[in-house]
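Hi,

Here is the structure I promised to send over. Have a look at it first, and then read on for what I found.

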Amino acid sequence: MTQTAPNISALSLSAIRETTAALSPDVIRTPCLTLDNGLMARMLGGGAVVLKLECFQHTGTFKARGALSVARSLDAAQRKRGITAASAGNHAIAAAWAARQIGASAKVVIQSNANPYRVALARAEKAEVIMKPPGAETFAEAERSVADEGRFFIHPFEGPLTSLGTAGVGLELMEDAAGLDAVVVSIGGGGLISGIAAAVKQLNPACKVYGVEPEGAASMHTSLASGAPVHLEKVSTVADSLGAPMALPMGHALCAAYVDEVVTLDDDTICAGMVAFQQEAKLAVEPAAGAALAAVMGPLRARLQGKRVGVIVCGANIDAETYTRLMQRGMARHAALIAE
């Protein structure tokens, strides 16, 4: 049976503006920080990096935007039954937070290998937390909550309402940071970049949009190369927030329409990006955010010379022990990137 192609026109510029305005009383218009001198400017031959600080968003990541966009669409009866989510951590936190905003209960399923700090944050948002092995069992447990309790499943990255929520990141960036030549976004399942790219390209088609994935979790890169969403047999990366094993139709279609290129990084380079954030911006971020800046320093560096580049700092939910270990891992690669 032929499947209907996703309707990417749902992310029209007018719809993005409307959704962003509707969410604005409850989400933070996160600030931008420009790095136009020092190491980053030298590496870009006099260019500049503009950091969009979604790490300062409610729940510590951009995820609050998409989760609230979906939660707001639920009617009174569904709100009474509550919501559920499946996550490596950050989406569970955001879904629980969004549930509180609409007066609903949350039962979230988190992968057993999740960062313990994220589990604690989900519980702090008053969610009932269930731990399951990563992958199919995590999603299956959330599906049981839908079937047995009538809860609404807030997907971690797929769907027009999710992308409309995250599109606000791109809209704000383009309004607050004039003259961008490119925007760089890390990719997990595609919920963030799909919204940002739709906003950026409709506001300025000449602005390049680059995606970044771990080599061990390159589902969108593989999907775009094959022309259809794919499911990876195995995922392996320190950037657990980017470890989605598949791309799905809506996110894939939006990326195919609006993303110029997706590059991949090894884990050492991702950790080097975390080092760069600490040294250049004095920010302690999680690996998913480190990947975006690492791509600017690595595979995208030559083509970004002299450019003004927006980098999305997608999140910073990480415990001190893991952060210290990954920073140590990234030091040598960071030094090598500077020397190149």
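On helix 1, Ser14 and Glu18 are exposed, and they sit on the face turned away from the buried side of that helix. This is a predicted model, so please read everything below with that in mind. The buried residues of helix 1, which spans residues 13-23, are Leu13, Ala15, Ile16, Thr19, Thr20 and Leu23. These residues lie on the same side of helix 1 because their arc around the axis is only 160 degrees. The spacing makes sense: an α-helix has 3.6 residues a turn, so residues three or four places apart point the same way. What does this buried side pack against? Its partners are helix 3 (63-71), helix 8 (160-176) and helix 9 (191-203).

Helix 6 can be read in the same manner. In this helix, residues 116-124, the buried residues are Arg118, Val119 and Ala122. They share one side of helix 6, since they cover an arc of only 105 degrees around its axis. Pro116 and Ala124 are exposed on the face turned away from that buried side. The buried residues of helix 6 pack against helix 5 (90-101), and also against strand 4 (106-111) and strand 5 (128-132).

Is Trp97 buried or exposed? Its relative accessibility is 5%, and buried means under 20%, so Trp97 counts as buried. Leaving aside residues up to four places away in sequence, Trp97 touches Asp26, Val27, His58, Thr59, Ala64, Leu68 and Glu125. Lys126 is 29 residues from Trp97 in sequence, while their C-alpha atoms are 8.2 Å apart in space.

Now for the whole chain. It contains 14 helices and ten strands. A compact globule of 340 residues would have a radius of gyration near 20 Å, and the chain agrees with this at 19 Å. Along the principal axes, its C-alpha atoms fill a box of roughly 55 × 45 × 40 Å. Of the 340 residues, 58% count as buried. Among contacts with a separation of 6 or more, 75% are between residues 24 or more positions apart.

As for the surface, the accessible area is about 13100 Å², and carbon and sulfur atoms account for 52% of it.

Best wishes

Conventions
Residues are numbered from 1 along each chain as its sequence is written. This is a predicted model: local features need pLDDT of at least 70, side-chain atom pairs count only at pLDDT 80 or more; totals for chains, interfaces and linings use all residues. Side-chain values use heavy atoms; hydrogens and water are left out. Helices (H or I, at least four residues) and strands (E, at least two) are DSSP runs, numbered from the N terminus. The radius of gyration is taken over C-alpha atoms; the globule rule is 2.2 Å times the number of residues to the power 0.38. Buried means under 20% relative accessible area, exposed over 50%, partly exposed in between (1.4 Å probe, protein chains only). Contact means heavy atoms within 4.5 Å. Accessible areas come from the Shrake-Rupley method with a 1.4 Å probe; for residues, only the protein chains shown count as cover. The arc is that of the directions from the helix axis to the C-beta atoms.
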